Amino acid sequence: MFIGEMNYIGEMNMKVTAENYNQPLFTIGIVADMIGVTQTTLRIWEKKELIKPGRLGKNRYYSYCDLDRLKQIHHLLQEKRMNIVGVKNVLDREECWEIKKCGDLKDTCEVYLAQSEDIPE
């Protein structure tokens with residue numbers, strides 16, 4: 001299922017490219033280990049609409065883009081001590097490419113491209 005190998009800290013040894021940045025690759029168990037939370041926590045965050053992973057049947061699959069967002073959510077909840085409503089407000093106010101510092105990857109992001117089309121020149 002996965003391209004690449006897991007290293008000793010549970011992260012994928014795989015180069016992130018514009019082509020695979022938004023591709024759902026990781027199961028909930030792998031992502032939970034990578035972020036340092038439980039699978040139940042990820043399901044709660046999804047229920048609270050902080051994240052929307054890809055689905056294949058009943059299974060959830062997360063992309064590198066999702067991982068970046070989840071790391072930001074985890075940081076805001078644990079280190080900044082925000083509640084879920086506060087995190088949602090922060091994420092809704094800031095553009096995701098600003099939070100994640102996407103750089104050139106944002107040029108292939110569906111959200112960024114859609115937002116760019118809405119801005120009059």
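Glu49 counts as exposed, at 58% relative accessibility. Here exposed means over 50% relative accessible area, buried under 20%, and partly exposed in between (1.4 Å probe, protein chains only). Glu49 is not a glycine, yet its phi is positive, about 65°. It sits in the loop between H2 and strand E4 (54-56). Helices (H or I, at least four residues) and strands (E, at least two) are DSSP runs, numbered from the N terminus.

Arg81 also has a positive phi, about 60°, and is not a glycine. Its place is the loop between H3 and H4. Arg81 is exposed, with a relative accessible area of 67%.

This is a predicted model, in which local features need pLDDT of at least 70, side-chain atom pairs count only at pLDDT 80 or more, and totals for chains, interfaces and linings use all residues. Residues are numbered from 1 along each chain as its sequence is written, and side-chain values use heavy atoms, without hydrogens and water.

How confident is the predictor? pLDDT is its confidence in each residue, from 0 to 100. The chain has a mean pLDDT of 79, and 65% of its residues reach 70 or more. Among the elements, H2 has the highest mean, 97. Strand E1 (residues 5-6) has the lowest, 42. Over residues 1-10, pLDDT stays under 50. Where pLDDT is low, the predicted coordinates should not be read in detail.

Now turn to the interior. A nonpolar core is a set of buried Ala, Val, Leu, Ile, Met, Phe, Trp, Tyr and Cys residues joined through side-chain atoms within 4.5 Å. The largest one has 24 residues. Val31, Leu42, Trp45, Leu70 and Ile73 touch the most other members. Helix H1 (28-35), helix H2 (39-47), H3 and helix H4 (84-93) each give two or more residues to this core. H3 gives the most, with 7 residues.

Take Leu42. Leaving aside neighbours within four places in sequence, it is in contact (heavy atoms within 4.5 Å) with Ile28, Val31, Ala32, Val37, Ile51, Tyr62 and Leu70.

Last come the aromatic rings. Rings of Phe, Tyr and Trp (its six-membered ring) pair if their centres lie within 6.5 Å; planes under 30 degrees apart count as stacked, over 60 as edge-to-face and the rest as tilted. The count by this rule is 1 aromatic pair. Phe26 and Tyr64 form it, edge-to-face, with 5.1 Å centre to centre and 85° between the planes. The pair links distant parts of the chain, 38 residues apart. Phe26 is in strand E3 (residues 26-27), and Tyr64 is in helix H3 (residues 64-78). Both Phe26 and Tyr64 are buried.

Definitions and conventions. pLDDT is the predictor's confidence in each residue, from 0 to 100.
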